Amino acid sequence: MVKGCLHDYAQIYRHSQKNDLFTGICTENIGKILEYFDASVCEFNEGEYIFRSKHELNRIAVFIDGSANIINEDFLGNSTAFSHIGKGGIFGEVHSLLPYDMPTVSVIATCPTTVIFIDIDCILSPVPEISDCQSQLRSNLMRIMAKKLLNNARKLEHISRRSTRQKLLSYFTEQMNRHQSPAFDIPFTRQQLADYLAVDRSAMSSELSRMQKDGLIKYNLNHFELISYEEFVS
């Protein structure tokens, strides 16, 4: 991990405009917010921990560039992919509001990743000089939390299906609708997808092969194309 100050990252302000947390706030005001909040910038390499489970969290991690996976780890060191955070996403907004309820998940960078850390109290505590910006931040934060609740509900819908094929169909339907195209890339490796859907990797790989043989899908690595996509929306 490499830490830096905001003065060394002028481009951060411009990239921040693409982040959901700063929607509706101009570049100049983003700069003011980050200065007032004494935010810090950290850069992580692929495979590096951005956050470890069971550590108190009082900051929001704002992903300016790169991506990460949220994973569960048991006491034997086995890990399971829980979710994915892409460029523009955030992590820690819920747990930072409940500092004594420490997260049971870890966050690991999946590629070179740049994160801004912001103390949650800075967003919640009134600062007259940037009160309008703070109001916008709070509104954005509520929308982000609502979106995550919806995504968790969708995941529950996927894993509640009985068979591996039904789980894949449910997940692919969501991805097709999200990308508004029958061709899309998913943010998971095979193992991570199996973990996300709560299925055995070998069984899932076999089912994917059968689905391709049946003419339902074509795929290469994490790129999928739904051939007979009427099956997925029926």
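Quick definition to start: buried means under 20% relative accessible area, exposed means over 50%, and partly exposed lies in between. This is a predicted model, so keep that in mind.

Take R165. At 23% relative accessibility, R165 counts as partly exposed. R165 forms a salt bridge with D214, with the closest N and O atoms 2.9 Å apart. R165 sits in helix α6 and D214 in the loop between α8 and β11, so this pair ties together parts that are 49 residues apart in sequence.

What else is in that network? R165, E207, R210 and D214 are linked by salt bridges. E207 and R210 meet at 2.9 Å, N to O. They are three residues apart in helix α8, about one helical turn. E207 is buried, at 11%. R210 is partly exposed, at 44%.

E174 is buried, at 12%, while R178 is partly exposed, at 45%. A search of the whole structure finds six salt bridges.

Now the packing of α6. How do α6 and α7 cross? Their axes come within 11 Å and cross at roughly 100°. That makes α6 roughly perpendicular to α7. K167, L168 and Y171 in α6 meet L193, Y196 and L197 in α7. The contact residues divide into five nonpolar, no polar and one charged.

Last, strand β4. Five of its seven residues are buried, so β4 is largely enclosed by the rest of the structure. β4 pairs with β9 in the antiparallel sense, over six bridges. β4 also pairs with β7, again antiparallel, over two bridges. V62 stands opposite I116 in β9, and opposite I90 in β7.

Terms used
Residues are numbered from 1 along each chain as its sequence is written. This is a predicted model: local features need pLDDT of at least 70, side-chain atom pairs count only at pLDDT 80 or more; totals for chains, interfaces and linings use all residues. Side-chain values use heavy atoms; hydrogens and water are left out. Axes are lines fitted to C-alpha atoms, for helices over the stretch in contact, and angles run from 0 to 180 degrees between N-to-C directions. Helices (H or I, at least four residues) and strands (E, at least two) are DSSP runs, numbered from the N terminus. Angles under 35 degrees count as roughly parallel, over 145 as roughly antiparallel, 65 to 115 as roughly perpendicular and the rest as oblique. Contact means heavy atoms within 4.5 Å. Ala, Val, Leu, Ile, Met, Phe, Trp, Tyr, Cys and Pro count as nonpolar, Asp, Glu, Lys and Arg as charged, and the others, Gly among them, as polar. Buried means under 20% relative accessible area, exposed over 50%, partly exposed in between (1.4 Å probe, protein chains only). Two strands pair if DSSP finds at least two bridges between them. A salt bridge is a side-chain nitrogen of Lys or Arg within 4 Å of a carboxyl oxygen of Asp or Glu.
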